[in-house]
Amino acid sequence: MRGYLRGAAQGDGQVRPIGDKLVIATHNAGKLREIAALIEPLGIQCFSAKELDLPEPEEIGNTFADNADLKAREAADLSGLPALADDSGLCVDALHGAPGIFSARWAEDEEGNRDWMRAMDRVWRECEATEPDAAPAAHFVCALAIAWPNDGQAENFEGRVDGTLTWPPRGEKGFGYDPIFVPAGHELTFGEMEPDDKHRMSHRAEAFRKLVEALQ
Ligand SMILES: O=P(O)(O)OP(=O)(O)OP(=O)(O)OC[C@H]1O[C@@H](n2cnc3c(O)ncnc32)[C@H](O)[C@@H]1O
Ligand SMILES: [Mg+2]
């Protein structure tokens with residue numbers, strides 16, 4: 001494993017060690033599964049935020065990158081290890097980019113319980129109200145951030161995948177909005193695809209490729 005990360009555009013240009021232990025700063029089981037699969041070839045030992053009992057920070061940023069940064073920085077400070085966070089979401093053209101950074105919140109009820117059918121249904125109803133007969137254009141964004149303990153900096157890597165939305169939802173292999181998203185040039189939804197196929201084209205895989213390119 002190449003253990004140093006070159007400073008990227010948003011960082012300070014310094015080279016920092018990743019070492020052989022990394023916290024995956026997410027409380028989302030679907031993301032954790034995908035990130036663990038993408039990280040496996042690097043031979044880094046990973047700890048999840050859940051197994052370290054880290055709190056879920058309030059996502060007060062205005063961009064995916066800001067939210068990824070704050071999740072990574074908090075997990076690094078609390079664990080004393082480098083931490084990788086992912087902030088991601090679905091952006092629908094007809095909804096001016098919504099739900100975007102509010103993708104998780106669209107699934108939540110008043111008590112904060114998540115129901116993905118509720119979120120997908122809301123997206124589809126709002127699209128129908130705007131463009132009744134179209135296959136709405138949408139994309140997923142993934143911002144990854146790596147932060148180091150008590151460092152105050154994070155390195156960011158962003159990926160995107162374009163596609164269209166479909167109704168009704170299809171497939172149970174993914175998570176979140178996967179059952180209504182058909183990537184461009186394909187017929188299966190992300191929910192119907194095998195995980196390896198999603199990894200060949202996903203927003204998360206693209207962000208991850210950029211991270212790996214910055215390793216030395
Ligand atoms: O913040 P953490 O703890 O990482 O977990 P989260 O579920 O709250 O994650 P986000 O704040 O990034 O919210 C983004 C939501 O967008 C959805 N999402 C992100 N990537 C996705 C993907 O690859 N497929 C389907 N839905 C996705 C997903 O369900 C998330 O809950
Ligand atoms: Mg979140």
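**Strand 5 and the shell around ligand 1**

Strand 5 (residues 83–92) supplies four residues to the shell around ligand 1, the largest share of that shell. Strands here (E, at least two residues) and helices (H or I, at least four) are DSSP runs, numbered from the N terminus. This is a predicted model in which local features need pLDDT of at least 70 and side-chain atom pairs count only at pLDDT 80 or more, while totals for chains, interfaces and linings use all residues. Residues are numbered from 1 along each chain as its sequence is written, and chains are lettered from A and ligands numbered from 1 in the order in which they are written.

Me: How many residues surround ligand 1?

Reply: A residue is near the ligand if its C-beta atom, placed from the backbone, lies within 6 Å of it. Thr26, Asn28, Ser103, Ala104 and Gly176 are the closest. The number of residues surrounding ligand 1 is 22.

Me: Is aspartate 87 buried or exposed?

Reply: Aspartate 87 lies in strand 5, and an unreviewed UniProt entry places the feature "active site" there; such annotations may be inferred rather than shown by experiment. A residue is buried if 20 or more other C-beta atoms, placed from the backbone, lie within 10 Å of its own, exposed if 12 or fewer, and partly exposed in between. Because aspartate 87 has 28 C-beta neighbours inside 10 Å, it counts as buried.

Me: How many of the ten residues of strand 5 are buried?

Reply: Side chains in a regular strand alternate between the two faces of the sheet. Here Ala83, Ala85, Asp87, Gly89 and Cys91 point one way, Leu84, Asp86, Ser88, Leu90 and Val92 point the other way, and all are buried. Strand 5 is therefore largely enclosed by the rest of the structure, with the buried count being ten of the ten.

Me: Which residue in strand 6 is the bridge partner of leucine 90?

Reply: Strands pair if DSSP finds at least two bridges between them. Strand 5 pairs with strand 3 (residues 21–24) in the parallel sense over two bridges, and with strand 6 (residues 137–147) in the antiparallel sense over ten bridges. In strand 6, the partner of leucine 90 is phenylalanine 140.

Me: What is the C-alpha to C-alpha separation of glycine 80 and tryptophan 148?

Reply: Glycine 80 sits in the loop between helix 2 (64–79) and strand 5. Glycine 80 counts as exposed because it has 12 C-beta neighbours inside 10 Å. Glycine 80 and tryptophan 148 are 68 residues apart in sequence, and their C-alpha atoms are separated in space by 7.9 Å.
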